[in-house]
Amino acid sequence: MDTGPAIEMVTVPAGTVTLSDRRTRRSWPVDLAPYRLAAFPVTQSQYAQVTDERPSTARGERLPVEGVSWLDAIRFCNALSRREGLAPAYRLHADGEGAEWDASADGYRLPTEAEWEHACRAGTTGPRYGPLDEIAWYRGNAQGHVHDVGGKRSNAWGLYDMLGDVWEWCWDLYDAEVYGAYRVLRGGGWSDEHWSCRASVRRRSHPTFRIDDVGFRVARSPASRRRDSSD
């Protein structure tokens, strides 16, 4: 397992995922083209290599970076893209709360909420892709702290820590009419009860919010999709 500066990416196949919101009792299907998603949440080592910053409360090279806002994650994606000679995916708004996504860019980005859930499920239909203690760090087994990435079993597509350890920022607005700029968080964290560590659970927070159980992982669109979106 390589958790150094290089980001290990997994190709996620096309598919359809049905998202749901318990608050509004609404569900909606989303069709997805193939895309690439990081096998692990971004680690503190990777974040420091790109940004020269170490914002996390806990310290460890292979621990997931936490204490990062949605805006921090967006800036990291752009910085990593520039570092690798790729076109940045985002243009930040002057108000400091939002960004425009250039879908034709070949750089790193946050997964959409639908991409996150589709990848988390990895073809399964239940609340989790395996027994919780085998796949996730949560309140029942984390002993009150965050853990190194990759310490639990991956899902069938080779993605680790999709549930537990740290919540992960997604690109999407949660509900713009009700919550304004608030963005989606997925996956549950090390301090959460078992019911929060399910593939369908949605959480929201302001894009400037930082706390010690929130991190992120990066995605990229395949080359064919980037070409199509720029036509």
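This is a predicted model: local features need pLDDT of at least 70, side-chain atom pairs count only at pLDDT 80 or more; totals for chains, interfaces and linings use all residues.
**Entry 1: the cores**

I started with the largest nonpolar core and found that it has 30 residues. Trp70, Phe76, Tyr90, Leu110, Phe216 and Val218 are the ones with the most contacts inside it. With seven residues, α2 gives the most. I reminded myself that nonpolar side chains tend to be buried together in soluble globular proteins.

I then picked Phe76 and listed what it touches, not counting residues up to four places away in sequence: Val42, Gln46, Tyr47, Val50, Thr51, Phe216 and Val218. There is also a second, separate core of 29 residues, and Val10, Ala114, Cys120 and Val149 are among them.

**Entry 2: Ser69**

Where does Ser69 sit? I found Ser69 in the loop between α1 and α2. Is Ser69 buried or exposed? Its relative accessibility is 1%, and buried means under 20%, so Ser69 counts as buried.

I checked its side chain next. It reaches the backbone nitrogen of Leu71 at 3.3 Å and the backbone oxygen of Pro207 at 3.5 Å. Leaving aside neighbours within four places in sequence, I noted Trp169, Pro207, Thr208, Phe209 and Arg210 as contacts of Ser69.

**Entry 3: the largest pocket**

Last, I looked up the largest pocket, whose volume is about 170 Å³. Its lining includes Asp21, Arg22, Tyr174, Trp195 and Ser196. I sorted the lining residues by kind and got three nonpolar, three polar and five charged.

Technical notes
Residues are numbered from 1 along each chain as its sequence is written. Side-chain values use heavy atoms; hydrogens and water are left out. A nonpolar core is a set of buried Ala, Val, Leu, Ile, Met, Phe, Trp, Tyr and Cys residues joined through side-chain atoms within 4.5 Å. Buried means under 20% relative accessible area, exposed over 50%, partly exposed in between (1.4 Å probe, protein chains only). Helices (H or I, at least four residues) and strands (E, at least two) are DSSP runs, numbered from the N terminus. Contact means heavy atoms within 4.5 Å. On a 1 Å grid over the protein atoms alone, a cavity is a set of points where a 1.4 Å probe fits but cannot get out, and a pocket is an open set with protein on both sides within 12 Å along at least five of seven lines; lining residues have an atom within 4 Å of a point. Grid points are joined across faces, edges and corners, and a volume is the space filled by probe spheres set on the points. Ala, Val, Leu, Ile, Met, Phe, Trp, Tyr, Cys and Pro count as nonpolar, Asp, Glu, Lys and Arg as charged, and the others, Gly among them, as polar. A polar contact is a pair of N or O atoms within 3.5 Å; within protein, one must be able to donate a hydrogen and the other to accept it, and residues adjacent in sequence count only if both atoms are side-chain atoms.
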